[in-house]
Amino acid sequence: MKKLAFIFTLLAGCTAQQSSSPVPLVQACDGYRVAFAAALQARNDGKLNQTQINTITLADENIYPLCTGNLVSIGDAELTLIHTTTDKLLGAVK
């Protein structure tokens with residue numbers, strides 16, 4: 001739980017960064033990957049209910065294509081979506 005709180009704190013600081021540079025996107029996707037890995041571990045440990053699993057699955061369906069696609073074509077709206085979804089993912093794991 002402390003690890004998730006730390007991750008959330010790091011991600012909260014990233015949400016203020018909006019730039020045409022791919023660096024904020026890479027950072028957002030890296031944060032998402034860490035949160036997703038924590039969620040998968042919680043799922044594997046049997047700590048999540050079906051609603052939480054569904055939330056995580058939906059989050060991954062939305063974010064995975066953004067984080068694995070062409071970084072140049074991602075705008076501020078998509079970057080905000082990654083941050084928002086990461087926050088929701090962390091909330092689902094709590």
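Which pattern does the protein chain follow when read along the sequence? In this predicted model, the pattern is α-α-α-α, and the chain holds 4 helices and 0 strands. Helices (H or I, at least four residues) and strands (E, at least two) are DSSP runs, numbered from the N terminus. Residues are numbered from 1 along each chain as its sequence is written, and side-chain values use heavy atoms, with hydrogens and water left out. Because the model is predicted, local features need pLDDT of at least 70 and side-chain atom pairs count only at pLDDT 80 or more, whereas totals for chains, interfaces and linings use all residues.

Of the 94 residues in the protein chain, 35% are buried, a term that denotes under 20% relative accessible area, with exposed meaning over 50% and partly exposed lying in between (1.4 Å probe, protein chains only). Among the contacts in the protein chain with a separation of 6 or more, 76% come from residues 24 or more positions apart; contact means heavy atoms within 4.5 Å.

The packing of helix α2 against helix α3 was examined next. The axes of α2 (residues 22-44) and α3 (residues 50-68) come within 11 Å and cross at roughly 150°. This angle makes α2 roughly antiparallel to α3. Axes are lines fitted to C-alpha atoms, for helices over the stretch in contact, and angles run from 0 to 180 degrees between N-to-C directions; those under 35 degrees count as roughly parallel, over 145 as roughly antiparallel, 65 to 115 as roughly perpendicular and the rest as oblique. The crossing of α2 past α3 is left-handed, that is, the near helix is turned anticlockwise from the far one by less than a right angle, clockwise being right-handed. On the α2 side, the contact is made by Cys 29, Tyr 32, Arg 33, Phe 36, Ala 39 and Arg 43, and on the α3 side by Ile 53, Ile 56, Ala 59, Asp 60, Ile 63 and Cys 67. These residues divide into 9 nonpolar, no polar and 3 charged (Ala, Val, Leu, Ile, Met, Phe, Trp, Tyr, Cys and Pro count as nonpolar, Asp, Glu, Lys and Arg as charged, and the others, Gly among them, as polar).

Rings of Phe, Tyr and Trp (its six-membered ring) pair if their centres lie within 6.5 Å; planes under 30 degrees apart count as stacked, over 60 as edge-to-face and the rest as tilted. By this rule the count comes to 1 aromatic pair. Tyr 32 and Phe 36 form a stacked pair, with 5.8 Å centre to centre and 25° between the planes. Both residues lie in helix α2, 4 residues apart, about one turn of the helix. Tyr 32 is buried at 3% relative accessibility, and Phe 36 is likewise buried at 17%.

Ala 35, also found in helix α2, is buried at 0% relative accessibility. Leaving out residues up to four places away in sequence, Ala 35 touches Thr 86, Leu 89 and Leu 90. The C-alpha atoms of Ala 35 and Lys 88, which are 53 residues apart along the chain, are separated by 10.0 Å.

In helix α4 (residues 76-93), Thr 85 is buried at 9% relative accessibility. Apart from its neighbours within four places in sequence, Thr 85 is in contact with Ala 59 and Ile 63. Ala 92 is found in helix α4 and is buried at 9% relative accessibility. Residues touched by Ala 92, not counting those up to four places away in sequence, are Leu 48, Gln 52, Thr 55 and Ile 56.
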